[in-house]
Amino acid sequence: MPGLRAAFWTFLVSAAAPAVAEMPLLSLPIDCALGDTCYVEDYVDTDPGSGQRDYACGLKSRDGHRGTDIVLLSFEAMDQGVGVLAAAPGIVAATRDGVTDVAVTPDNRAGIKGRECGNAVRIDHGDGWQTLYCHMKQGSIAVEKGQKVQSGDILGLVGLSGLTNVPHVHLGVLKDGQIVDPFQPQATDTCGMASGGGMWRDAPGYDRAGLFTAGFSTVVPGFDAVKSGAARVRETTPDRALVLYGHAFYAKPGDVLTLSAAGPEGEIFRQDVILETPQAQLFRAFGRHAPEGGWPQGNYRGYVRLTRDGRVIAVRHADITVTSR
């Protein structure tokens, strides 16, 4: 998932501010339906130390994370085109385009240094308030510097640019250049949303449950191997089984884990697993033995989806390549 740090601040250059003298109220910065076609994965890290903590004192953040990440359910949804929207009225202060839509890997990480935010738009709302929209699709930026925008105006499309491996929009909120958590703008060291929904017109709901990770293996792995990452297999041969696993936290009885995978010739399995006696952490796995003649060579992608009463709480994906013997 995405992170910003120094490059986040590099994009935040000064600009003339429109004459607005109060805290902006925010609308959802993406054209999707929470719990149906998208979900909130990460929040601002409120832990001042080396740990991580979201505004509700849950696990849904990463050390040093400076915004709110709203994630699409699949890469296919990104390919269809999903708008990134202005969260509040203002003036476009800066834009950046030209960063390719490629999932970050250890091999290409150095190539995006200084551009971790990817293709982006920054809007000035006056009185020192700004919003930043990161990881947009290359060539999709639909506004220019100095342009006035209203809440809901299309800024571009959700993409895969910068420091990310999943299609999403990262919304950063700043006051006088300092990061602000829109769920807790007064930065109180308490658990829970600020009164009145923080900075939101209609605050997104919060679920403490989620997914740590998903991965492929060639056998049903042990839990210790799942937690350590040792279970993950990125390349295999046609004769081995393909097993997809998902590692969840704080699920409730009745929640459903859906594990699905597809390859060069389409879907190879889909399985719903009802969680009857969840623990604070758990994993589930499902897979198939190799068919007669082996798996076709190529790339395979799996999705693990956690839902509650039909509402999507979290999704993780995993990739594996089947190569020659």
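Me: In what order do the three strands of the open sheet stand?
Reply: Strands of a sheet pair through backbone hydrogen bonds, either parallel or antiparallel. In this predicted model, seven bridges join β11 to β13, which run antiparallel, and β13, covering residues 242-249, pairs with β16 in the antiparallel sense over eight bridges. The twist from one strand to the next averages 15 degrees, and the order of the open sheet is β11-β13-β16.

Me: Which strands stand at the edges of this sheet?
Reply: An edge strand here has a single partner strand, so one side of it is left without a neighbour in the sheet. That description applies to β11 (210-217) and β16 (281-288).

Me: Which residue of β16 is the bridge partner of Phe249?
Reply: Strands β13 and β16 are joined by eight bridges, with β13 spanning residues 242-249. The bridge partner of Phe249 in β16 is Gln281.

Me: Is Thr258 buried or exposed?
Reply: Thr258 belongs to strand β14, residues 256-263. Its relative accessible area is 13%, and the cut-off for burial is under 20%, so Thr258 counts as buried.

Me: With which side chain does the side chain of Thr258 make a polar contact?
Reply: Leaving aside neighbours within four places in sequence, Thr258 is in contact with residues including Arg270, Gln271, Tyr303 and Val304. The polar contact of its side chain, at 2.6 Å, is with the side chain of Asp272.

Methods: Residues are numbered from 1 along each chain as its sequence is written. This is a predicted model: local features need pLDDT of at least 70, side-chain atom pairs count only at pLDDT 80 or more; totals for chains, interfaces and linings use all residues. Side-chain values use heavy atoms; hydrogens and water are left out. Two strands pair if DSSP finds at least two bridges between them. Helices (H or I, at least four residues) and strands (E, at least two) are DSSP runs, numbered from the N terminus. Axes are lines fitted to C-alpha atoms, for helices over the stretch in contact, and angles run from 0 to 180 degrees between N-to-C directions. Buried means under 20% relative accessible area, exposed over 50%, partly exposed in between (1.4 Å probe, protein chains only). A polar contact is a pair of N or O atoms within 3.5 Å; within protein, one must be able to donate a hydrogen and the other to accept it, and residues adjacent in sequence count only if both atoms are side-chain atoms. Contact means heavy atoms within 4.5 Å.
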